[in-house]
Each structure stands twice: as C-alpha cells, then as structure tokens.
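Q: I would like to learn how to read a few local features from a protein model. Please take them in turn, with the general idea ahead of the case.

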Amino acid sequence: MSRITAVHGVLPPNRHSQDEITDAFARLCLPEGTDRLLLNRFHASAGVGHRHLSLPLDRYDKLDGFGAANDVFIDTALELGAQAVGGALEEAGLAPEDVDMIMCTSVTGVAAPSIEARLAGRLGLRPDVKRVPVFGLGCVAGAAGIARVHDYLRGWPDHVAVLLSVELCSLTLQRGDASVANLVASALFGDGAAAVVLCGDGHEPPARGSGRGSPSGSEPGSARGPGRRPAEGPARGPEVVATRSRLYPGSERVMGWEVGDTGFRVVLDASVPDVVRTHLADDVHGFLADHGLTAGDVTAWVCHPGGPKVLEAVSEALRLPPGALDVTRRSLADVGNLSSSSVLHVLRDTIALRPPPGTPGLVIAMGPGFCSELVLLRW
C-alpha cells in the first residue's frame with residue numbers, strides 16, 4: 001500500500017460571484033441578439049456561488065485566440081503548480097529533493113516542455129526525478145492520478161511521489177458559442193490546482209544533513225540509508241488500499257473536447273447522469289465486496305463535484321445517507337467544478353474532518369471515455 005501524506009489545494013486570486021460571471025459570459029460569448037434566459041437558468045441552477053479565475057473578468061475579451069490563452073495557461077499553471085507542490089511537500093515534512101517521481105495532469109492547456117519539467121528547477125527537484133505528464137483524462141484525473149501513483153509506489157515502495165493537477169477551465173472560453181454544452185460548462189467550471197504527496201509503505205524519510213539518499217534509479221524496496229525514521233505525526237494521511245478503473249462502451253461522445261482553431265470546445269452530453277445511474281452502483285458495490293465491504297461501511301465519500309444532477313445521480317444510485325456528499329456540495333458552491341483538481345480539494349477537506357481511524361473511505365470521479373475511477377482508502 002501507499003500513504004497519502006499531504007494534499008494541498010490552491011486557487012488563483014481572482015474570485016467572482018456567479019452573478020458576475022454570468023454577466024461577463026453573456027457579454028463575451030453569446031452572439032448578439034441571443035436571449036439570456038437559458039444561460040441565466042443554467043447558471044442559477046448550477047449550485048455554484050463563487051469561482052476563482054486565472055484572469056480578472058475584464059481581461060478575457062483581450063485573449064486573441066488559442067495561442068494567447070495557452071500562453072496564459074502556462075504562466076498561471078507554473079505559478080499555481082509551484083504553490084501547490086511546495087505547500088504539499090511542506091505539509092508532508094519533505095524537501096523537493098526527496099521526490100522520486102512527479103505526475104502532472106491537466107486537460108485545459110498544453111505545454112512542451114511539460115509543466116512539471118518547467119517546475120523542476122524552480123522547485124528544486126532532483127535532476128533524476130521521474131516525470132509523467134498526463135493529458136486527456138479530464139475530471140477523472142484527480143482520482144486516476146492517485147491510482148496510477150499508487151501503482152508506481154507498489155513497484156518502488158521506498159519512493160516519494162507527487163501528483164500535481166492544474167486545471168484552468170476559464171481559458172477554454174469559446175466566444176459566440178450558445179450551445180447547451182457551452183452554457184452548462186460556463187455555469188460550472190472554475191480554475192484551481194492541487195498537489196498530493198504519497199509515500200510507499202517502505203519509505204523512510206532521509207536524515208537531513210546526510211545527503212539526498214539513494215537515487216531514483218535504485219532497486220525497488222532498497223533501503224535509503226541508515227538513521228531513517230518512519231514518518232509520524234499529523235502529516236500521516238489515509239492509506240491507499242486498492243483502485244479500480246472502468247470504461248463504459250459506446251460513450252466516447254458523452255464528455256470531452258473538440259479541438260479546433262479557437263482551442264478546446266467542450267463536449268458535454270445531457271446523458272451523463274443517466275450513465276452514472278446505469279453503471280456506477282454495480283461498479284462500487286462490486287469493488288467494495290471484493291474487499292469484504294459494503295457501502296454502509298464507508299465513513300467518508302470523496303466524490304468529484306460534477307454538478308448538481310450528477311451528484312443527485314451518484315446519491316440515488318448508491319443510496320447514500322443524507323449528508324454523505326456535503327463536503328462535495330460545499331466545494332462546488334465555494335469554487336465550482338475544477339475538473340481534475342476538484343476531487344483533490346474534496347479529499348483535502350475530508351481529511352481535515354478526521355474520519356474515524358481504520359475505517360474505509362472511497363474516492364469517486366468520472367470523466368471522458370466515458371469512465372470512472374474508484375480509490376479505496378483506509379483512514
């Protein structure tokens with residue numbers, strides 16, 4: 001198993017109310033003469049009170065095409081990414097040179113060299129750090145990232161790994177697009193980032209002043225030197241027990257992007273809640289049963305805030321008790337849907353509530369594919 005030792009979420013400084021964003025979107029994106037009634041209805045029913053954006057609202061009309069928006073993505077992703085990783089390492093009681101692998105996920109911009117490569121020198125990561133940039137998983141990537149980092153740490157149990165998620169959804173703004181998908185997306189998505197530090201079950205933190213420990217190319221399970229002590233104290237978070245991935249056939253057009261001259265145009269089908277109702281319960285119950293558990297054993301549900309209808313579908317499909325998704329709903333209201341970063345913010349907030357030690361928790365996220373990812377935790 002691996003252990004989550006810290007989760008640190010960050011947000012850009014430009015915070016706006018939903019009403020402010022609705023008015024700005026109407027000015028920038030609705031074709032002249034388009035009725036605002038549908039836009040107003042979607043924004044009012046999204047369950048979102050405020051969102052944080054990469055730019056002040058009055059700067060979005062100055063973005064001249066996909067290239068300009070992507071330049072802002074890179075600059076903002078580097079700033080938020082540095083804050084997220086630096087904050088997570090500090091909370092975990094680790095230094096940048098302790099990191100053996102970093103995975104970076106985003107679906108709202110592109111960069112080559114990738115974001116984590118550009119951050120390596122700024123953060124002080126080792127030159128031999130292993131890097132895994134990930135694109136295309138969308139909202140599911142927060143949970144899937146934890147799962148894939150856990151897979152890595154099973155092979156390298158003495159290593160430290162970091163998952164960084166940066167999603168700047170506002171920079172995918174499509175002007176002149178009054179499609180239902182664009183209106184719904186404009187009502188839900190915000191900008192933010194999060195970093196998670198995970199340690200393998202054989203990790204022992206290096207004694208400061210004795211060097212940087214064994215290189216990242218050391219054999220799996222090898223000791224990192226004498227004088228090491230296991231991590232202890234408040235930084236110790238939940239263990240990752242197991243993971244499960246699911247792809248649903250014939251659902252490729254349910255969620256994703258169409259990429260064109262103006263950048264990323266959202267694909268968001270109204271059938272998402274129906275897909276959740278059709279598939280999620282069997283997947284969750286089967287996954288839990290494989291570990292001798294039922295839904296009633298789970299003391300904390302860490303669910304991606306896909307939107308009010310998706311959360312209703314999750315709650316109904318799993319027959320969750322009242323209040324089971326309160327942390328998720330509060331996150332949606334406070335900052336909107338941050339794509340892959342959202343479930344990590346929900347995880348951070350759930351850890352802060354201190355679920356009963358030794359009890360199971362479940363991370364759930366869904367995204368393009370259409371797919372779901374489940375991560376079983378032990379608090």
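Q: At what angle do helix H2 and helix H6 pack, and how far apart are their axes?

A: Two packed helices are described by the angle between their axes and the distance between those axes. This is a predicted model. In it, H2 (residues 37-44) and H6 (residues 180-188) pack at about 40°, and their axes are 8 Å apart. That angle makes H2 oblique to H6. The crossing of H2 and H6 is right-handed.

Q: Which residues of H2 and H6 meet?

A: From H2 come Leu-38, Leu-39, Phe-42 and His-43; from H6 come Val-180, Leu-183, Val-184, Ser-186 and Ala-187. By class, the residues of this contact of H2 with H6 are 7 nonpolar, 2 polar and no charged.

Q: How do helix H1 and H6 cross?

A: The axes of H1 (residues 18-29) and H6 come within 10 Å and cross at roughly 145°. The crossing of H1 and H6 is right-handed. Gln-18, Ile-21 and Phe-25 of H1 make the contact with Asn-182, Leu-183, Ser-186 and Ala-187 of H6. The contact of H1 with H6 has 4 nonpolar, 3 polar and no charged residues. Leu-183, Ser-186 and Ala-187 of H6 are therefore listed in the contact with H1 and in the contact with H2, as the oblique packing of H2 on H6 was described above.

Q: Which residues of helix H8 are buried?

A: An α-helix has 3.6 residues a turn, so residues three or four places apart point the same way. In H8 (residues 308-318), the buried residues are Val-310, Leu-311, Ala-313, Val-314, Ala-317 and Leu-318. They lie on the same side of H8, because they cover an arc of only 160° around the axis.

Q: Where else is phi positive in a residue other than glycine?

A: Most residues other than glycine have a negative phi, and most peptide bonds are trans. Ser-339 has a positive phi near 50°, and Ser-339 lies in the loop between H9 and H10. Arg-354 has a positive phi of about 55°, and its place is the loop between H10 and S12. Ser-339 is buried, at 3% relative accessible area, whereas Arg-354 counts as exposed at 68%.

Q: Which peptide bonds are cis?

A: One of them runs from Ala-112 to Pro-113, with omega near 5°. Pro-113 sits in the loop between strand S4 (101-105) and helix H4 (115-123). Another runs from Gly-369 to Phe-370, with omega near -20°. Phe-370 belongs to the loop between S12 and strand S13 (371-378).

Q: Is Gly-81 buried or exposed, and what does Gly-81 touch?

A: Gly-81, in helix H3 (residues 66-92), is buried, with a relative accessible area of 0%. Not counting residues up to four places away in sequence, Gly-81 touches Leu-119, Leu-164 and Val-166. The C-alpha atoms of Gly-81 and Val-166 are 6.6 Å apart, although 85 residues separate the two along the chain.

Notes. Residues numbered from 1 in each chain as written. Predicted model: local features only at pLDDT ≥ 70, side-chain atom pairs only at ≥ 80, totals over all residues. Heavy atoms only, no water. Axes fitted to C-alpha atoms, helices over the stretch in contact; angles between N-to-C directions. Helix = DSSP H or I, 4+ residues; strand = E, 2+ residues; numbered from the N terminus. Parallel < 35°, antiparallel > 145°, perpendicular 65-115°, else oblique. Left-handed = near helix turned anticlockwise from the far one by under 90°. Contact = heavy atoms within 4.5 Å. Nonpolar A, V, L, I, M, F, W, Y, C, P; charged D, E, K, R; others polar. Buried < 20%, exposed > 50% of the residue type's maximum accessible area, 1.4 Å probe, protein only. Arc of directions from axis to C-beta.
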